[in-house]
Amino acid sequence: MEQRAVSAEGRRTEADRARSGRVRRPDGAVVRPPDAIDVRRRIPPTDRLLRDPRLAVVVDRLGAGVVKAAVHEAQERAREGGISPERVAETALALLPGTASGLRPVINATGVLLHTNLGRAPLSVTARQAVQEAAGPTDVELDLATGVRARRGRSALAVLRERVPRAGAVHVVNNGAAALLLAATVLAADKEIVVSRGELVEIGDGFRLPDLLVSTGARLREVGTTNRTTAADYAAVTGPGTGFVLKVHPSNFRVTGFTRSAGTAELTGLGVPVVVDIGSGLLAPHPALPEEPDADTELRAGASLVTASGDKLLGGPQCGLLLGARDLVRALARHPLARALRVDKLTLAALAATLTGPPTPTALALTADPAVLRARADRIATSLGADGLDVRAVECAATVGGGGAPGVTLPSAALSLPEPYAAALRTGPLPVVGRLESGRCLLDLRAVPEQDDERLAEAVRLARTAREAVPVGAVRPAGEGRA
Ligand SMILES: *Cc1c(COP(=O)(O)O)cnc(C)c1O
């Protein structure tokens with residue numbers, strides 16, 4: 001079946017017909033004058049196009065199917081008269097996707113450090129390198145010294161364990177939700193999970209934590225109220241039927257005013273495990289985010305198990321961390337469901353490299369000096385202004401996003417451009433996603449690594465050229481405030 005490289009543009013309209021020289025007769029039939037038939041004969045055949053050196057090299061990189069689809073699309077455009085037959089090869093080249101993955105790299109200028117729609121944490125250079133190295137056969141489950149099978153991902157797990165010495169054992173699953181799923185399945189199937197009404201949260205995109213928990217067969221025992229829950233509320237309902245007490249970090253909203261909640265330390269004497277879902281994956285307290293929970297503090301307070309995501313503030317690949325009491329973590333890792341939730345070798349490699357490597361892009365963005373951000377914005381704005389663009393450097397406020405540090409704003413700096421730039425930048429050859437604020441398109445630099453400044457400036461220059469041709473569309477930081 002013929003695959004369309006760009007299907008939306010394959011639609012034929014009267015205007016296309018007019019361009020191709022075809023006309024609709026009064027009886028409704030579309031006819032092609034004789035010169036159009038001549039044009040069709042000049043369209044190069046597929047096999048000749050695939051031998052074109054410019055396209056042939058791409059076959060090795062992207063695969064023959066992808067290149068053929070682009071070639072067929074270009075031939076079709078020539079048949080319709082949209083392009084001349086001589087331009088079929090270069091049109092096919094232009095239609096080819098830039099990557100084999102189908103994913104387009106973008107510059108995150110939204111000012112949301114962990115933007116869920118943009119894949120949350122960007123990997124460090126070290127972690128990217130580790131993914132490359134692990135892509136071929138590796139010793140992920142083999143001890144090379146003895147030649148016998150070894151624990152999967154043992155080096156990544158050892159590194160994680162070292163970083164959280166208070167955890168008796170650690171395990172890694174596919175994501176934060178999977179970590180909770182495993183805990184609920186193993187510790188609370190046919191039992192109750194005691195949880196505060198103020199912590200029954202929706203993470204984002206309709207994902208509600210209570211739904212996930214009850215899907216395992218566990219029953220929820222809600223205690224307290226939306227704004228106030230005390231240790232006595234938990235104590236009143238825990239007993240032999242309790243699987244565990246669950247504390248969930250309300251990671252994307254804040255309840256303020258007349259509020260109260262029970263800390264982990266207050267819940268450890270109830271005779272049941274205390275599971276704490278910290279969400280963001282901070283392993284230790286972070287000075288810039290004093291309110292954000294971290295694994296070490298929760299374990300020190302007596303948590304039996306801490307669950308977290310790997311691709312939020314930890315700054316690593318998507319995965320779910322399980323950190324806690326030795327026997328408990330071992331029981332989770334041995335459960336049959338653990339096999340269904342296990343992570344790929346690429347994830348294990350990226351996680352280990354994230355934990356041992358230099359500060360992650362997320363950590364750097366979090367601690368970036370606002371004065372340095374402003375200086376970068378000034379520099380880019382001056383350079384673009386010299387080219388005659390309507391651009392200025394402005395101060396603004398960035399957020400952590402992606403399920404971390406709700407309500408925290410980070411002073412930042414941005415390039416302010418006319419609103420139509422938003423769509424032009426997003427749809428350009430090097431997509432940049434900014435945000436709209438007060439009728440301007442802001443490109444916030446806090447989540448943009450400094451080495452991308454030149455590419456960002458170039459994308460703006462290209463967007464200026466393309467701007468008139470692109471329909472205006474709004475870009476909203478859809479991942480803001482939720483994970
Ligand atoms: C993000 C988050 C989750 C879900 O984690 P994923 O890695 O997205 O599956 C669960 N709980 C909390 C508190 C979170 O912030």
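Trainee: Is the crossing of H17 and H19 left-handed or right-handed?
Mentor: A crossing is left-handed if the near helix is turned anticlockwise from the far one by less than a right angle, and right-handed if clockwise. The crossing of H17 and H19 is right-handed. This is a predicted model, in which local features need pLDDT of at least 70, side-chain atom pairs count only at pLDDT 80 or more, and totals for chains, interfaces and linings use all residues. Residues are numbered from 1 along each chain as its sequence is written.

Trainee: At what angle do the axes of H17 and H19 cross?
Mentor: Axes are lines fitted to C-alpha atoms, for helices over the stretch in contact, and angles run from 0 to 180 degrees between N-to-C directions. Helices (H or I, at least four residues) and strands (E, at least two) are DSSP runs, numbered from the N terminus. The axes of H17 (residues 370-386) and H19 (residues 453-466) cross at roughly 35° and come within 10 Å.

Trainee: Which residues of H17 and H19 meet?
Mentor: Contact requires C-beta atoms, placed from the backbone, within 7 Å. From H17, Arg376, Ile380, Ser383 and Leu384 meet Asp453, Leu456, Ala457 and Val460 of H19. That contact has five nonpolar, one polar and two charged residues; Ala, Val, Leu, Ile, Met, Phe, Trp, Tyr, Cys and Pro count as nonpolar, Asp, Glu, Lys and Arg as charged, and the others, Gly among them, as polar.

Trainee: How do H7 and H15 pack?
Mentor: H7 (residues 125-134) and H15 (residues 345-356) pack at about 145°, their axes 8 Å apart. Their crossing is right-handed.

Trainee: Which residues come nearest to the ligand?
Mentor: A residue is near a molecule if its C-beta atom, placed from the backbone, lies within 6 Å of it. Of the 13 residues around the ligand, Gly176, Ser251, Gly279, Ser309 and Gly403 come nearest. The shell divides into four nonpolar, eight polar and one charged.

Trainee: Where does pLDDT stay under 50?
Mentor: pLDDT is the predictor's confidence in each residue, from 0 to 100. The protein averages 90, and 89% of the residues score at least 70. Residues 1-11 stay under 50, and residues 468-483 are below 50. Where pLDDT is low, predicted coordinates should not be read in detail.

Note on methods: Contact = placed C-beta atoms within 7 Å.
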